[in-house]
Amino acid sequence: MRYDLHVNPATGPLPALPTGTSPDHAGPGAFHRSLPGYHPTPLRESAELARLLGVRTVLVKDEAVRLGLPSFKILGASWATVTAVLRHWVTAPVTPLTLDRVAAAIPRPRTRRLVAATDGNHGRGVARMARLLGVAATILVPAGTAEARTAAIAGEGAEVVVVDGSYDDAIAASAALAGPDTLVVSDTSWPGYEHTPAAVIAGYATLFAEIDAETARRGLPAPTVVALQAGVGAFAAAGVRHFRAPDRPGPPPRTVVVEPTSANCLMASARAGRLAEVPGPHRSTMAGLNCGLPSVLAWPTVRAGTDVFLAVDDDAAHRAMAELARASVVAGESGAAGLGGLLAVALTGDPADRARAGLTPEACVLVVNTEGATDPVNYHRVVGHHAATADDVPAGVA
Ligand SMILES: Cc1ncc(COP(=O)(O)O)c(C=O)c1O
C-alpha cells in the first residue's frame, strides 16, 4: 500500500452553492422518503476496524444497497433528475412532489430522453429514473468499463454508448447531446452547467442526515474524522457541506478526501492552488474515482472544507474491501477507498502522518461504503468469495 498526503493550507468558510431546487417543494430528504423502498441505510460500528486504525470508534455508513441499487449515487441522480425535469419540461407546480406525479406531468408524446456520462453508478441511477418516469435514456461510458456495470445499465432499459476515451471524454460527449427534448443529468459541472450538479450534491445530503439521526438515536459519538472518497468531488462536497455547516454544533470533524494516485485531480488542484487536470488513461480499479477533472462547482467547497488530501494505490482499496468483508460489509473498490486511505496511513505511515489524518487513540472515524460489489469479477478476485448485490435484494425503487 502506498499513499501520498497533502495537508491543505487553504481551508476557510464554505462558498454559497446554487440551490438546485425549485421553491415549491420541500427538498431532497422529503422526496427520497417518498420513494418506494426508501429506508435509511445501516450505520455499522466495527471494533476490529477501530483496532486496525488505532482509534476508539469506527462507524461505517453502508450504501451497498440504496433504493434497490448498489450505490449511494441514486440519491443524487434521483433528485437531480426530478429537479431538472421540473425546470425544463414541466411548467406547472407538482405538489406533493412524488415520482408518479412528476411522471404524469411530463408532456406527451414522450420523445424525451435523459443523458448521462458515467463510470457506472451515476448512469445506472439516471437510467433507473428514466425508466420510472417513462422516458428514454442514453448512458455514455468510457472504454474499458467493466462488463457487469455496462450490463446493469442496459438492464434498466437504457441505450449504452461506449466512448473511445476516458470518463472526462464521455462527459464532453454527453454535454454535446443536450437539446429541448434531451436533458443532460450530470454529476459533474462545467461553466454554465451548475444547477443539476448542485442538485446532485443536495441529494447526497440525505445519507449524511441519516448518520446524524442514527448516531443521536443510538448515543454514538460524533465523528472526529470523516473520510470521503472522491472522483469529481461532488460526494466530498456534500460531506463537507454537512459536517462544516455553519449552524452545526461542536467542532467540525477532520475531513480527509481520498483519491486514486493515478486520478488525484483534487489533490493536484489543491497543490496547484487552481483547478488542475490529471490526464488519463485512468486505470485504477476504483472505477468511480477515475476522474481527471474536478467538478467546477464542487471544487471551491472541497478546497475550503478539506483538511487532508490523500491519494492511494489500488492495493489500499483492495485491503479495505477485504477488511470490510470481514466486518460483514460488501464494499466495491470505490466504496472501500475512504477506509483504504486511512488504512494506508495507519498501517504504513509515521506518527506525524497518522496525527495529520486525525488517527489518534480517542478518535471516532466515519467512513462511507459508497458501493457494493459492482464488479463481481474483481470482488471475487480481491475478497476470495462472491457477494450478494443489490440486484439480489427484492425491495427497491421498482
Ligand atoms: C461508488 C462511488 N463512490 C464515490 C464516488 C465519488 O463521487 P464524486 O465523483 O462525486 O467525487 C463515485 C463516483 O462515481 C462512486 O461511484
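Which residues point one way from E11, and which the other way? I began my notes with this strand, and found that Cys364, Leu366 and Val368 point one way from E11 while Val365, Val367 and Asn369 point the other way, and that all are buried. I take a residue as buried if 20 or more other C-beta atoms lie within 10 Å of its own, as exposed if 12 or fewer do, and as partly exposed in between, with C-beta atoms placed from the backbone. Six of the six residues of E11 are buried, so the strand is largely enclosed by the rest of the structure.

Before going on, I noted that this is a predicted model, in which local features need pLDDT of at least 70 and side-chain atom pairs count only at pLDDT 80 or more, while totals for chains, interfaces and linings use all residues. Residues are numbered from 1 along each chain as its sequence is written.

**Entry: the sheet that holds E11**

I looked up the sheet next, and it is an open one of seven strands in the order E1-E10-E9-E8-E11-E3-E2, with mixed pairing. Strands (E, at least two residues) and helices (H or I, at least four) are DSSP runs numbered from the N terminus, and two strands pair if DSSP finds at least two bridges between them. Strand E1 (3-7) and strand E2 (43-45) stand at the edges with a single partner strand each, so one side of each has no neighbour in the sheet.

Strand E3 (residues 57-62) runs parallel to strand E11 (residues 364-369) and is joined to it by six bridges. Val58 stands opposite Val365 in E11, and the bridge partner of Lys61 in E11 is Val368. E8 and E11 also pair in the parallel sense, over three bridges, and here Ala227 has Val367 in E11 as its bridge partner.

I then turned to an open sheet of four strands, which has the order E6-E5-E4-E7 and parallel pairing. Strand E6 (159-163) and strand E7 (182-184) are at its edges, each with a single partner strand, so one side of each is left without a neighbour in the sheet. Five bridges join the parallel strands E4 (residues 113-117) and E5 (residues 136-142), and Val115 has Thr138 in E5 as its bridge partner.

**Entry: two domains**

The protein chain is divided into domain 1 (3-71 + 202-392) and domain 2 (73-195), with bounds that come from an automatic or database domain assignment. The centres of the two domains, taken over C-alpha atoms, are separated by 24 Å. Their contact takes 39 residues from domain 1 and 35 residues from domain 2, where two residues are in contact if their C-beta atoms, placed from the backbone, lie within 7 Å.

**Entry: around the ligand**

Of the 21 residues around the ligand, Gly231, Ala234, Gly288, Thr370 and Glu371 come nearest, and a residue counts as near a molecule or strand if its C-beta atom, placed from the backbone, lies within 6 Å of it. H5, helix H9 (234-243) and helix H13 (333-348) each supply at least two residues of this shell, and H9 gives the most, with three residues.
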